[in-house]
Amino acid sequence: MIHFYLTKNNLLNLIRTHKVIFFSLIIIILLTSGLIIAKLNSDKGNKGALTATPIEKPSPNSSPSQAVASTTKTISPEKLISKDRITKKPFGIYVTPQNSPVSPEKFKGYHTAADFEIFDEEKDQEIKVEAVCGGEIVQASIVSGYGGLIIQNCEFKGLQSKVLYGHLDINSQLTKRSGDLVQAGDEIGILADEYSAMSGSERKHLHLGILKTNQIDYRGYVISESELAKWYDPVELLQII
Ligand SMILES: [Zn+2]
């Protein structure tokens with residue numbers, strides 16, 4: 001067995017005797033490390049190019065609500081609550097299963113609200129619903145006939161009123177909850193999908209009823225005109241155009 005002790009002197013002797021081999025080794029090591037560094041750098045560049053959407057840290061200015069708005073397909077509520085969408089059931093229309101503009105019709109009586117319809121191309125879109133007034137949300141729940149129903153406290157003509165927004169998908173993250181205070185124009189939820197549990201098995205539309213009193217009355221239809229007088233005509237009250 002050969003024992004080789006590396007000392008300063010025999011290292012120098014080794015370099016002298018194997019000068020060519022020694023410097024060749026140094027050059028090989030330098031070249032190899034240069035190649036490795038170049039490869040690592042090119043890998044880094046490729047990674048960025050292959051990633052379709054580079055992960056970016058959210059800027060301090062972007063709020064979660066802005067992030068939701070940019071990824072959700074919604075249309076402006078100004079368009080939803082407009083007169084030209086009241087094509088089936090305006091406020092006060094008397095419907096029966098025989099004469100109703102909606103088929104099949106399961107209700108009978110004077111309509112206590114105005115119904116705002118969607119366009120065909122909006123069936124698969126999330127249609128946002130905005131508050132028509134400022135006030136506290138006092139209920140967001142499932143109610144027979146409506147599916148998802150949101151009720152809001154509002155003041156009209158100096159008196160406390162209740163506003164009912166029917167057929168909303170109250171499971172949506174965008175839905176306001178009881179106790180939330182909203183301003184007129186704030187988004188309070190989205191319309192439920194047609195013929196779903198959230199729409200009360202109705203077509204996709206907004207039923208907007210405004211009670212003249214502070215007492216909740218869930219009825220969407222009443223049997224007499226004198227009873228109908230408990231509700232405002234939303235078009236007249238809100239001057240919907
Ligand atoms: Zn209705």
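Modeller: What follows is a close look at one strand, its partners and a few backbone details.

First, some ground rules. This is a predicted model, where local features need pLDDT of at least 70, side-chain atom pairs count only at pLDDT 80 or more, and totals for chains, interfaces and linings use all residues. Residues are numbered from 1 along each chain as its sequence is written.

Our part is strand E11, residues 205-211. The labels need a word. Helices (H or I, at least four residues) and strands (E, at least two) are DSSP runs, numbered from the N terminus.

Is E11 covered or open? E11 is mostly covered, with 7 of its 7 residues buried. Buried means that 20 or more other C-beta atoms lie within 10 Å of the residue's own; exposed means 12 or fewer, and partly exposed is in between, with C-beta atoms placed from the backbone.

Now look at the two faces. His205, His207, Gly209 and Leu211 point one way from E11. Leu206, Leu208 and Ile210 point the other way. Residues on both sides are buried.

Next, the partners. Two strands pair if DSSP finds at least two bridges between them. Strand E4 (residues 114-117) runs antiparallel to E11, and 4 bridges join them. Here Phe116 stands opposite Leu206. Strand E8 (residues 159-166) is also antiparallel to E11, joined by 5 bridges. In that pair, Gly166 faces His207. Strand E13 (residues 231-232) pairs with E11 over 2 bridges, again in the antiparallel sense. There, Trp231 is the bridge partner of Leu211.

Now step into the loop between strand E10 (187-190) and E11, where Ser201 sits. Its phi is near 60°, a positive value in a residue other than glycine.

Find Gln239 in the segment after helix H6 (234-238). Gln239 counts as exposed because it has 8 C-beta neighbours inside 10 Å.

One more backbone detail is worth a look. A cis peptide bond joins Ser103 and Pro104, with omega about 0°. Pro104 is in the loop between strand E2 (94-95) and strand E3 (109-111).

To recap, E11 is mostly covered. Its pairings with E4, E8 and E13 are antiparallel.
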